[in-house]
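This report describes selected features of one protein chain.

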Amino acid sequence: MTFMCDAFYKDDPTMVNIGLNKQEPASSLLQIMYDEIREGMTLIAEEEEDECIIGAAVNAGSCPWDPDKFVEFARCCECEPTRDVIEFEAYVTGKPNLWERYCVLKIFECSYLAVRPDFRNQGIARKLVLDSWYLARDCGYRLFRVDCNNRYIARIAKGFGWKRVCIIPFHEYARDGELVFKHIKEPHTEVQIYIDQVTFCKDYCPPYKTCDKIISAPNNLTCSERLLIITPTPSYSHQIVFRVICLALNKRGHEIVTLTPNVLNDTGITNYTEIDFGFIYEKIDDTDMSQTRWNLTQLAGLKTRLLTLGHNIAEDALSHPDLLKYYTNRTDMQFDAVIAEMIMTPAIYMLAHRFNAPLIGIMSMDLQNCHRFTLGSPVLPSHSSNWELENLTGLNLPFWRRLINFINTWWSIHSWFNNFAIKQQKIAEKYFGNNIPHITDVAKNMSLVLINQEPLLAYARPEIPNIVHFSGLHITKTPPSLPKNLKAFLDSATNGFVYMSLGSNTKSKLLPKKILQIFANTFASLSYKVLWKFENDSYHVPPNVFISKWIPQQGVLAHPNIKLFIYQGGLQSTEEAVHYAVPLIGIPFVFDQVYQVMKMVSLGVARYLDIVRLTGSELHDAIIEVIDDKGYKDRMLALRALTKDKPYDSLENVIWWIEFVMRHNGAPHLRFNGVDIAWYQQFDLDVIVFLTITLFLVLCAILAIIGWVSKKLYNTHYNNISNRYIKMKPVAEITFWIACFVYIATPIETARILAIITIPSYSHSIPYRPLWTALIRRGHEIVVLTTDPMNDPSLTNLTEINFKSHYNILSRLDFIKNIETYTWLSTVREQLWSVCNEMTENIYKHPEVRKMYELDSDTKFDLVIAETIKSPGLYALAHRFNAPLIGVSTFGLYNSAYYLLGAPVLPSHPSSWEMEDSADFNLSLWQRIKNFIRLWYHIYRTLNHFYSEQQAIAEKYLGKNIPDICDIERNISFVFQNQQEILSFVRPHTPNVLPFGNFHISKKLMVLPENLKKFITDAPNGFIYVSLGTNVRMSSLPKHVQSIFRDVFASLPYKILWKHDSELPNKPDNVYIAKWFPQQSILAHPNIKLFIYQGGLQSTEEAVYYTVPLLGLPVLADQYAQVKKMVSLGVAKRLNIMELSRENLNASIIDILYDEGYKKRMLKVKEVNEDKPYDLLEHVIWWIEFVIRHKGASHLRTSIAYDPWYQKHEMDVIAILSIIIFVTLICILIVIYKLLKIIFNLTKITVTTKEKIN
């Protein structure tokens, strides 16, 4: 601050031109600068010898409301010139309106720049500005701004090629018609505003490292952290992916210690320590994977060998002397994060426990089922994404196939936990001691899981939030050059060439001779040249074939003459083939290769060949088909374009998340806490088993009664043939009943956008307003059906159709009265469905809407966006306009929507908000059975009753030929739900469900009325704000509850703002009531102490944004779950509004106000919630435009959505297994009983005989 007073204020053109440069800067000016320095993004330059400051750049983030804050602050200044300076700065800040022009919420601004006079003209200012840009880039800002009020800084900005967006001459600025600057001196006569749209540098150039004089001390950056990265798998294709991440982290300034079998040995890289694990390759040199497809015994042996290899690798890694020196108890070495490969060495997870550091898992392929089970991700035995079962999975499998898949998958998981993991635990205990946690518990608490899996190249499935996908990291920007002889061979292939490689783990030379002969003969018959990766140079091949032990694969795939790639299905090779758009023939051998090839076949870019049944003619025909059929190439080109169409760079996203984990010492809010309960409770397996056995016994009893009655009737009427009646033996009866049950239980098989937001609730409408505004500013035309129109004439491309009349329909409901008589599910069925039907009918009947969808209308839309809350009949409009459909929701989805989308239904998990208080952790079996029945019954009623009514309404206006609205919802392209991870209970989601939040947070706060402002400003102890939202009327509360509020508020030493819809008799003097308050302006006031609210999601977001502790009184819908979540975060308390008393209300308020922990924890929640890799609004807009570009996003839909209900959680498999096991146990007990009876009778006979003898 002292340096800036001397070097900045005395020479600053603004201060000079107003005449303040010869005075000491006013305290208000110093306060503004101090606040910006506290943001932690200031850069300083020091002299090398005496380390004194010679230059500084004060940087800060500017928000849309900053100009108004500056104006408010200026009004407190007694010195008029100082007030003028602050108001001028506010004017300059807001003049170009960059936040709206570039759709960003925060801009990185180089606010103050100064260099000591005797060090000027040495390039220091230029370097400070440049490194400020680097800092903006590394902090994730999208826009960099520098306000140049002198010509020298403007020259620097112009030299960088930045864009000048505004010029503000000092002589034109006036206040109240009078010029402010009366001492203007040349050459600094204007303020020039320059900006640059920051994009992440893909090479990750290290910021401020190249200038010795520049140092930085940002508080919000992850700088100079130390990471331990353990990736011991001996496979080059695995390691090249990990290496890219290691090097990128190193270039970001982090210190890396990595154990790898493929070291770089590059001495030019600093802060990069490699532990050479290359000797592990010797242990797999004799592992032959090329023969496994012919020999199932060998395949089983390979799996056993790999598990043993996992133990050996873990042992060798943890005993490596270069790693031991880091983690032995004698060292004080620390790491900020541990990244561990997950494939087969979980013992290394314990390094994270040793260093008390967050653990990040990483995989160069998709997860195994044991990992998914550990993390809480759904295990799907028969889904195509289950690569471990190769080609035994897929759609429309017969029951017995799914039964076998179920048993095999869960047996594999059981073996992993009860065999493999136990041995790994012993290895970990050997090196870390016996008092360590179990490795599965460490794995459950993994902060993040990084998976090398391009979603387009995989089968979509529900995922948990802490899984981050990446892809293509190993693909080089410039393909490697080819050896001269190889290049000459490929260049001479005028007809093109075929490339064949089975990867690094499967060797062509070890294939059976018969297969080798098939390949050689087929290649010889082709009119194309063939490049074959072959490990034996002496092998005799036809003249058109070139063989080599090693080939620069990316260089070959990038060659213009290539026609076809014959490969084994490796993931990295698949990514390369897609990147270079080369059609494929897949011949898989082991692991995920079958899965990968089958996926490429489903995309129409590959053919699958079985190596065991391969014939020469089949191979020849496949090669000719793929080359001659241009569809393969065209589809591959389209696939490449789709994989490149992403909202962010894959590597940048991975690095951001790793640094996020280090910044916050973990990411527990992304973790699915369902893993903390028993395995059979995660997806209600025990409930399904119990209900199955119960139903089975009831059915058996019914059949027994029917049989008994039939027998009596038979004996009565047919006595003459009774002697011919043969009794059914017990076992036969049981068999008969089982057969009957199985028979009965087996079921018989720039664009125009229409937005429909018609739920009558202001809190449902306002989150979308910034979205419509941003889309319009991007050139799209929006037609919105809404209950709360904006009526903004500046939005010329916005048409609003008003449905405010829906408020009259909803006003019939009294949610307070419903609390004691209805659950939310029964409220929905008994009251809301009829209301929603009426609203849907109103929309279809509206003349303006009718004009759009009538058959003779030529109205076209490129996209339909509809609320997913309770008007599914409106989805049919997407079919009418032949447009993709996007769903939006201002809170979490109903479980019926999750069911249709293919996500798990979780009746007892707290994320199932419609279950209110009945959903929670650690529930008893009986509670979970009740939840299970209630929720599945509600889903059944929803789909078979409510959706049928909505279907009838849609058919009434659109005709009978529309699809089923359930199918339309299943085919939805995207769903955006207002559910930020830290503010909700996370659960597995399908890839086409995307969270958003804080859209409605105002960039410009509403000015408070003077009387209200005076009331809360003159609150020496602060004030409490009370509001139950827009859907709950305070006057509808019972009189005694209202009196409790009034009496408690009167006794408090705080002022109270109470949103009340009627006059309050005997209102205390410290209470201010009104029917409406500008809530965000109130929450932003510095005197606020507590927010008493109903648990609405938008109010929760506002409270977190303005860091106000909460007292929740939930009334309806998701409010119970929302308050429960805030209580779990330690930022709120909860009371039951119908059990309210003066004592518990007063005690709760006092507890929160006198415990500083609530405020501190709320500050931490805000910090984590706002730490995101991208702007959420921009991200949502990107995906909307993606759907418009590609006419949908079918690759993000999971096939689970189309499975019958009983297959979604393998309910039928679990039911049949339960019955089989139950009947087997009964039979065993019967046999045991019979044996014991026989033994008892024999013993009795023996005793009797002895007695007779005696």
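## Domains and selected residues

According to the domain assignment, the chain contains domain 1 (1-197), domain 2 (226-381 + 434-470), domain 3 (484-645), domain 4 (753-986) and domain 5 (1010-1177). The model is predicted.

**Domain 1 and domain 5.** The centres of domain 1 and domain 5, taken over C-alpha atoms, are separated by 39 Å. Between these two domains, five residues of domain 1 are in contact with five residues of domain 5. About 340 Å² of area is buried between domain 1 and domain 5, and carbon and sulfur atoms give 37% of this area. On the side of domain 1 that touches domain 5, the residues divide into three nonpolar, no polar and two charged. The number of salt bridges between domain 1 and domain 5 is zero. Likewise, zero residue pairs in polar contact are found across the interface of domain 1 and domain 5, where both residues must have pLDDT 80 or more.

**Residues in helices.** Glu87 belongs to helix α5, which covers residues 80-94. When residues up to four places away in sequence are not counted, Glu87 touches Ala74, Tyr173 and Arg175. Val1104 belongs to helix α39, which covers residues 1097-1105. Apart from its neighbours within four places in sequence, Val1104 is in contact with Leu983, Met1126, Met1162, Val1165, Lys1166 and Asn1169. Gln951 stands 153 residues from Val1104 along the chain, and the C-alpha atoms of the two are 40 Å apart.

**Residues in loops.** Val379 is placed in the loop between α13 (369-375) and α14 (399-432). Leaving out neighbours within four places in sequence, the contacts of Val379 are Asn369, Phe373, Thr409, Trp410, Ile413 and Arg461. A distance of 48 Å separates the C-alpha atoms of Val379 and Asp131, which are 248 residues apart along the chain.

Ser912 is placed in the loop between α33 (895-901) and α34 (925-958). With which side chain does the side chain of Ser912 make a polar contact? The partner is the side chain of Asn895, at 3.0 Å. The side chain of Ser912 also reaches the backbone oxygen of Leu906, at 2.3 Å. Beyond four places in sequence, Ser912 is in contact with Asn895, Leu906, Pro907, Ala919 and Arg987.

**Positive phi values.** Most residues other than glycine have a negative phi. Asn356, however, has a positive phi near 50°. Asn356 is found in the loop between α12 (350-354) and β14 (359-363). Glu916 has a positive phi of about 55° and is not a glycine either. The place of Glu916 is the loop between α33 and α34.

**Accessibility.** The table lists the residues discussed above with their relative accessible areas.

| Residue | Relative accessible area | Class |
|---|---|---|
| Ser912 | 0% | buried |
| Val1104 | 1% | buried |
| Val379 | 13% | buried |
| Glu916 | 14% | buried |
| Glu87 | 18% | buried |
| Asn356 | 68% | exposed |

Why does Glu87 count as buried? Its relative accessible area is 18%, and a residue is called buried because this value is under 20%. Asn356 counts as exposed because its relative accessibility is 68%, the cut-off for exposed residues being over 50%.

Note on methods: Residues are numbered from 1 along each chain as its sequence is written. This is a predicted model: local features need pLDDT of at least 70, side-chain atom pairs count only at pLDDT 80 or more; totals for chains, interfaces and linings use all residues. Side-chain values use heavy atoms; hydrogens and water are left out. Helices (H or I, at least four residues) and strands (E, at least two) are DSSP runs, numbered from the N terminus. Buried means under 20% relative accessible area, exposed over 50%, partly exposed in between (1.4 Å probe, protein chains only). Contact means heavy atoms within 4.5 Å. Domain bounds come from an automatic or database domain assignment. Buried area is the accessible area (1.4 Å probe) that two parts lose on being put together, summed over both. A salt bridge is a side-chain nitrogen of Lys or Arg within 4 Å of a carboxyl oxygen of Asp or Glu. A polar contact is a pair of N or O atoms within 3.5 Å; within protein, one must be able to donate a hydrogen and the other to accept it, and residues adjacent in sequence count only if both atoms are side-chain atoms. Ala, Val, Leu, Ile, Met, Phe, Trp, Tyr, Cys and Pro count as nonpolar, Asp, Glu, Lys and Arg as charged, and the others, Gly among them, as polar.
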